[in-house]
Amino acid sequence: LHPDKNGHPEAEKTFKFLEQNYQRLMQCAVRKVGARASESVQQRTRREEEELRVEEQRRQRQEEERQAAAAKLQRDEDERHEREIWEAQEKERKAREHKERLEVMIKDKEARNAALGDRLVAAVSTPKPSLLVPSLGVSMGYTSSQQKLGSVSSTLPPMAPAVSVEASSPMMRSASSAGTPAAAADASPSEQRAVGRLTVKLLGAKDLPYQLPPFATNAYGVLAVGRQRFSTAALAGCHPEWRSSFTFDIFRVDTAMWIGVYRSGLGWGLLPDELVGTTEIPFLDLEEWSGVGCDIGRMLEPQVPQPAASDLCMFLELNCSIEWF
């Protein structure tokens, strides 16, 4: 394949080109091989030490990364274990407080049912019942809930006696921090720690006593939990629909929500407002209704005794939810 053997006119030029390429290849190879062949002992030692140092640094970085990854994995495992322990303790605490709360609310409901039974027996056995309509002196022109609350505060009956229970949990200790349950009820809410929050939506009342048109007045509702009291707007008719929402802070579980329905007095405040009916709903019932998602009816206890043949049956419609802390 040598170009000069074929008598080609450009054989000499081609042969020189191949020789040049060969020279370039030889120079590159000799220069590359001769780089280490020509280095001294000191240079080779420094080069090997540098390579060892670089390799040691690489291995050290790999070891540090491995240790950091192992430490992070251990931290995550410890945090997960601590979180599981905390969740188990929190679940146990909530279950214990829920059990204690239910026991207290059951005793409170039994006491209130007994008190209601005594009132009914007394109302039936009394030949001449006393007048139960309070003297309020609220003007029909009032539109502010605070004005109504100030006037009806004197008619809010005291709650049924609280059931004495041992303060065995933080929730119960906070409720009885004033010494006794009765003393805690009188303590200021700001001095106690709230154990829950109650949200109530009072939808309306049904079948209130009929009034003659010239003497018909508006009806409004008052809700109270301890010292917290709210009032709805005053609406006309025997079936007012207030649809008002209120939020109460819960400081005790052995109590109830008191609801009263009033009718504004005649004569722009010359005659007192009339307390039509009341009801007490223990917290045990409120917790059972909490989260049901449907409206609930509650009978109103009339304040003026009704004849035995009367078919008057007043009741409230509401829904509620309780959030325990």
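**View A. Phe 246, a buried ring in a predicted model.** At 10% relative accessibility, Phe 246 counts as buried, because the cut-off for that class is under 20%. The model shown here and in the other views is predicted.

**View B. The edge-to-face pair of Phe 230 and Phe 248.** Ring centres of Phe 230 and Phe 248 lie 5.0 Å apart, with planes at 75°, so this pair is edge-to-face. The angle qualifies because edge-to-face applies over 60 degrees. Phe 230 sits in strand β3 and Phe 248 in strand β4. The two are 18 residues apart, and their pairing links distant parts of the chain. Phe 248 is buried, at a relative accessible area of 0%. Phe 230 has 29% relative accessibility and counts as partly exposed.

**View C. The stacked pair of Phe 230 and Phe 246.** Three aromatic pairs are counted in the model. In one of them, the rings of Phe 230 and Phe 246 have centres 5.5 Å apart and planes at 25°, so the pair is stacked. Here the angle falls under 30 degrees, the limit for stacking. Strand β3 (residues 228-231) carries Phe 230, and strand β4 (residues 244-250) carries Phe 246, so the contact ties together parts that are 16 residues apart in sequence.

**View D. The aromatic cluster.** Phe 230, Phe 246 and Phe 248 form one aromatic cluster. Within it, Phe 230 is partly exposed, Phe 246 is buried and Phe 248 is buried.

**View E. Arg 101 over Trp 324.** Arg 101 lies over the face of Trp 324. Its distance from the ring centre is 4.1 Å.

Notes:
Residues are numbered from 1 along each chain as its sequence is written. This is a predicted model: local features need pLDDT of at least 70, side-chain atom pairs count only at pLDDT 80 or more; totals for chains, interfaces and linings use all residues. Side-chain values use heavy atoms; hydrogens and water are left out. Rings of Phe, Tyr and Trp (its six-membered ring) pair if their centres lie within 6.5 Å; planes under 30 degrees apart count as stacked, over 60 as edge-to-face and the rest as tilted. Helices (H or I, at least four residues) and strands (E, at least two) are DSSP runs, numbered from the N terminus. Buried means under 20% relative accessible area, exposed over 50%, partly exposed in between (1.4 Å probe, protein chains only). A charge sits over a ring if NZ of Lys or CZ of Arg is within 6 Å of the ring centre and within 35 degrees of the ring normal.
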